[in-house]
Amino acid sequence: MSDLIGQTFGSYILESLIGSGPNGQVFRARQVRLNRPAAIKVLSARLSELPGSAQRFSAAMQRAANVRGAHIADIEDFGEQGGRLYTAMELYEDGSLRTFLQKRIGQREQRELAQALEIVRQAAEGLHAAHAAGFVHGHLRPENILTQRRTQGGAETWRGRVGDIGLLEAAGSALQVNLAYSTPEQTQGVALTPQSDIYALGVVLYEVATGYVPFAVKTLQDAQAKHGSAAPVPPRMVRQQIAPELEAVILRCLAKAPAQRFASAADLAQALAPVIRASSPAQTVQLQSVPTVQLPTEGQPTQQIAADPAPSDQQATVRANVPAAQQPTVMASNTPRVDLLDRQGAPVRGADLTGSGLTLGRATDSSIVLEHEQISRYHLRVDWNGQTTTITDLGSANGTLLDGLRLPANVPVPWAYDKLVQAGPFTLRLSPPFGAAQAQQPKPALDPLLQGMLGAAAAPQQQTTPPPAQTTQSFSAALAGPPLRLLLEQDQLTITPGQREVLGLSVVNNTDLPESVTITVEGAPGMWVGVPQQALQVPAHGRAPMTLTIGVPRDPESLAGDYQILVRARASSGETATARGRWAVLPFTASSLSLSPRKASGRRDAGYQLTVRNDSNQAESFLLSAEDDAQELLFSFSEDTVTLKPGEAATVMMMAEAQGRLLGGDDTFVFTVNAQAGSEKPAAATGQFTRKAAMPPAVPLVALLLLALAVVFFTLNRPSGGNSAGVATSTAVTTAQPSPTPLPSLTPTPEPGAPSFTVFDVSPRAVASGQPITITWEVANAQSVDLLVNGNVVANNLPISGSTQYLISGNTDITIKAVGGGKETVQTIQVLIATPVPPTATPVPEISPTPLASPTALPPTATPIPTATPEGAPTATPTSAPAPAKDVSLNDGATLAHWSSSTSDAVTFGKPNQGADAGGWAETQGLAQLEHSWVPVTGLLYTVPSAIDSGFIMGEFELNSIGQGQHFLAEVGFPSGTKNTTMQVQVIFNGEIIFDQQKTADGKLMTIDADLSGFAGQGGTLALHVENVENPGNVGLYWSNPRVATK
């Protein structure tokens, strides 16, 4: 979390971090005067401290603030605070296009794709407005296309707005750009134009449509080579469901030359509109998946894209008239042509064969650059001698397939016009010279060496061209194989949990009929593998590729290790094919550590419970250690090392010990506990130990004063004479253990301007164990009031006057801390446990001294002698049985509990103000109807989790001691009428989960009965934890009479 949270920038207070990047951080903030949320972007120190940055920033933001448009994120304010430049804008609760892609388009259904394309179209309109004002965005990506969701009449619509307008002008060349979204102009160091933004928006479109960016870029050199010269894989080769019209728009945006891109962002938005309408599932006209490409005629060249026939007899078509210089064109040629095909067999680009041949590969000097990890730098070569075309695999790593058969390395093989070549994910087709019929090409004969390498039967060869039938039969025999073949691009795959991997495969159909093929994967959990739901259509004697998406979750259940995978293809005819592979899931290390209680006190030491959880996907050994800043504590553990399986947790006892002190005040030590696994960053938890002196400083003074009084009393009352000679007397003295007297509370004189106590009282100050005390206070000049019990905060932000009750089971210090005007006033009252003991009569003999001689003898004084108790007779000493454990109602202590949620470490108890209840809250209520039951007014605790996925609310109650036979008892349920809601309910004591179950809105209350007998005699923290599993209505969960009681 950023250290800027809580600071004030202009009239805004930063509340939480939304996201960060190399150019700065974005915070959720609140405008103080208007009390409304906002988004604040704070530029990095690197950008803020550039020479002249403040002046450039101010000038750029003033101009950008005047750019208005429906799809521009308006700038509300800007400025400088503490040397950091910032801008303020409206907070978009629905996030960015990146958020939309992550949450809404995981399955890439038509409806989600149409919505995402509409957001991009609106962003293009916003860019057009910025371009018209003289701005070039320069670093466009999904993160700065902001989104707003609106619902009207049950229909959901989205609005996109472009943010960070003017940032490039303010930062200049110091602005860092994500290389995956950079442009050819940026990689070449030339001036940016509006067409540069169109290229970047084309990258975004490519990602929206396919799920991938067009180029995997890791270095600046990669970006220069790939954005500068490499052609992207056509989108329909990645996802065959993409409409040709959308592919044409994307590829035009990604043209290397700015002049070949759209002339303006408005033109791009206009071109996307019909594509979006066609992509919507509500459209009745379905676009044809294979475009019809016509040769340009004299006049204006056009590219015609036809749609499938509508249900009526009419034909629906879409035409795009684009200047030929800006679109790939089909030109007549008198030489063969090598075309790159999409998944439907339509050409997307190509090159004419010449006497010098063509080289294909990843190298930038190749005739046709094919950018893909399965393509070698120099993959294959195509040559033409004027009559015959040959193809040669140049020793590529993954091979080249001719009509489904892998070619030998560095051996030219004849390539007929009717045969397809596969190189990685790319399909190539050889087209005859313009005007030449396919049948006029002589069928190439295979020499005996080539026949042997391909596995074909050797046959006598003639100098003249063999009859077509014979040549076809020989070539077919060479390519013969099983009816169905399954080929994996990679038989070994290394997978990092939490990241997505892609596995390409191909199905070869060697039969005379087309096949509909389904793919399944065995040997790995089904949730890891994304297989297209639609069957793969494989033409007769053809080949069809498919891409599997593999995502291993980053959780302990995804165990590290090797998995033997079997991929199976099943054809509609019953034919099957399999391929085996090995997937290596890499290990990762993750852990968590919790400490209970978080705060403890003692004269020398205190005990804590540590809960270590292994969230890795392999077994880990955790080394436990602890340290405090002052280096005054000694720590010991019941186990120094804990070995845990994936997902396993263990509890370890820890003692914190300090050197004891006879006199003085309290000393507080903050310490950190670490659980280290290997070389990874350790899991950590912070705790606090308060050392208390054996006696307060005032006790010795009081003792000396009492001793002095005793000496004076003895001196004044010493007898001057004695009784009669040698007569022994005894006096019956009755002793009893008195009720303890609480120490008086000290009321220091507050500093000028500090809070002062008008009333502070605890009644009674001596009670039996388990009985309540009443705490009353009233403070002047205070801004906040906290209640502490034995040094631990049990309630904060209390009103400046009030009263509450608290159950105690031992001697307890009750403290009120008031803060105001930057000063603090603290008062403490001690409450003691009274345990009366009956008096016992004990004869104490008193021996009178021998009297001195006196002239006048006085008669002796008779002293009665008490009756002696016979030796050996028992003395009756009445004893009382221990008082039974008292029931504790959590409703009564709910206001003093510590409440927290997934959005805040401290939540004020009680329902918040209108519109502020999304962060989690709790309150007590009376009579209510839960599910199908009426619950009486014995007490209801209403807990509402944060209104986000997996949001939670938790209350922590401090209990002094658990009695023998006590249980935690409650019934829980939802408000009447709740549907489609599920929550995870947990009860936790001192970090140990004692109840864990899901509650579904099924019309019945759920009973909780958790046995606490194992904790008898212990005190600690009892936590109630409620977490959303499915909660579309953001309702809460009621706890009916939650209590700790004896059954």
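Select Q148 to begin: this residue is buried, with a relative accessible area of 14% (buried means under 20%, exposed over 50% and partly exposed in between, with a 1.4 Å probe and protein chains only). The model is predicted, so local features need pLDDT of at least 70 and side-chain atom pairs count only at pLDDT 80 or more, while totals for chains, interfaces and linings use all residues. Residues are numbered from 1 along each chain as its sequence is written, and side-chain values use heavy atoms, without hydrogens and water.

Q148 belongs to strand β7, residues 145–152 (strands are DSSP runs of E of at least two residues, helices runs of H or I of at least four, numbered from the N terminus). Show its surroundings next: beyond neighbours within four places in sequence, Q148 is in contact with residues including E90, Y92, D94 and W158 (contact means heavy atoms within 4.5 Å).

Now select helix α8, residues 220–228, where A223, K226 and H227 are buried. Viewed down the axis of α8, the buried residues fall within an arc of 90°, so they line one face of the helix; the arc is that of the directions from the helix axis to the C-beta atoms.

L709 counts as exposed because its relative accessibility is 51%.
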